[in-house]
Amino acid sequence: MFEFITANVHESLKCQSGFKRDDKWYKISLSCPDTETLSVDQVPPVMVEKYILTGYRKMNRPWFYYLYSAFFSHNELGNFWTHFVPTVCMVVYIAQTQYQIDLLGNPYYRPYLYVICCSFAALATSAFAHLLRSKSIAINCFVFFMDYLMIATMQCSYMVASWYYCSTSRFTSITVLSNGIPVYKLLAVMVHCATPFLGMTSFYLKNFHHKEKFRLLKLGSYAFSGYVCQFPIFESIWSQSAFSYPTRFHWLAFNLLVNIGGLFFIGFIPERLSPGRFDRCCNGHQIFHIMSAASFFIAANGFFINMVDRERELSDAAAIWVYNDYTLSYIIVCFLFSFISAVFFTNLVMKTECQYTKKLHSK
């Protein structure tokens, strides 16, 4: 795999080195000071956000420039900080939880540990994806593919935790075959593996083949997988299980925040009402970030309550869950499949970009 990645990155760089200094975007990047930003007609179409007209950073600058951009104004600054601050808060939350209970030593707490660690990774990945995306078209695609990957991995960890802490005996009897095969978990892992692949397909077709309708493929697949990982929770609430009462508000708030935030995101609200006014602050993407980050903490707290309330009932099976049921393997399989998808689509993007550049300069 690493030879595959290296070979294609080398080919992409070889292609760029022949044309970069004649490229329109490269010349624009060199023509203004580092802290000066660009308008929508000065960046490649794939880097453009709908209804965002100004505040774009220059491409092909040193890595330090993009790290330093966390401290000067541009249109990704809000997107970075609305996920970086929750990332720091999640670290504090994990440390505080470890102080209260032995997350590492007690197998019963292991699925919950996966949830909060994957939530931290998803927040951090998204934050740095927005910070580093302007480096190049290939980097822009790869960092967001990694973002899609971590969201799916986090949803898979939600599936594992909801199965162990929130499922009823009725749900278990329905979704586990007589020979012990956990049908729900296997199907859920397949859904979570397919989700980032569909998201990357949507991204590629929308940005490089101008098929705008495929944007809904990514949004629909992530919404569906988000509900799939909550099936045990929904069933416990529907069957009015006693342990579900303390956390009903948590899951209602979680779904409201994610769905309302998603409406701001897919509807480009409020920036579509006044293009250019919300380029740097208070656009739909930032509102979605704030609501989704809040939902991560609400979900973590919901799992924590169910975990503590049911410890006496469920802890005897903890060793079987972790060591014999391959709990972590579900999350690892989802991560690895998604990572391979990210490498494949990044390679596809680099080849498409290289072919386009050669075609442009042959005219």
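**Entry 1: helix H10**

I began with helix H10 (residues 231–238) and listed its buried residues as Pro232, Ile233, Glu235 and Ser236. These four span an arc of only 165 degrees around the axis, so they sit on the same side of H10. I note that the model is a predicted one. I then looked up what covers the buried residues of H10, and found that the cover includes helix H6 (137–166), helix H7 (169–175), helix H8 (183–208), helix H9 (215–228), helix H11 (248–267) and helix H12 (284–309). Past the end of H10 I recorded Gln240, which has a positive phi, near 55 degrees.

**Entry 2: the whole chain**

I counted 15 helices and zero strands in the protein. Of its 363 residues, 52% count as buried. I also checked contacts between residues at least 6 apart in sequence: 73% of them join residues at least 24 apart. The protein exposes about 17400 Å², and carbon and sulfur atoms supply 68% of that area.

**Entry 3: nonpolar cores**

Which residues touch the most other members of the largest nonpolar core? Among its 67 residues, I found these to be Tyr112, Ile116, Phe145, Tyr158, Met159 and Phe303. At least two residues of this core come from each of H4, helix H5 (110–132), H6, H8, H9, H11, H12 and helix H15 (327–362). H6 gives the largest share, 18 residues. Another core, of eight residues, lies apart from this one, and its members include Ala70, Phe72, Phe80 and Leu132.

Leaving out residues up to four places away in sequence, Phe303 touches Tyr112, Val115, Tyr158, Ala161, Ser162, Tyr165, Cys166, Ile233 and Trp251.

Is His83 buried or exposed? His83 belongs to helix H4 (residues 77–100). Its relative accessibility is 6%, under the 20% limit, and His83 therefore counts as buried.

With a relative accessible area of 42%, Val85 is partly exposed, as the value falls between 20% and 50%.

**Entry 4: a nonpolar surface patch**

I looked up the patch to which Val85 belongs. Together with Phe64, Tyr68, Phe71 and Trp81, Val85 forms a nonpolar patch on the surface, with about 560 Å² of accessible area in total. Helix H3 (63–68) and H4 each supply at least two residues of this patch.

Methods
Residues numbered from 1 in each chain as written. Predicted model: local features only at pLDDT ≥ 70, side-chain atom pairs only at ≥ 80, totals over all residues. Heavy atoms only, no water. Buried < 20%, exposed > 50% of the residue type's maximum accessible area, 1.4 Å probe, protein only. Patch = residues over 30% accessible without salt bridge, like charges linked within 9 Å, V, L, I, M, F, W, Y side chains within 5 Å. Areas by Shrake-Rupley, 256 points an atom, 1.4 Å probe, with all protein chains shown as cover. Salt bridge = Lys/Arg side-chain N within 4 Å of Asp/Glu carboxyl O. Arc of directions from axis to C-beta. Contact = heavy atoms within 4.5 Å. Core = buried A, V, L, I, M, F, W, Y, C linked by side-chain atoms within 4.5 Å.
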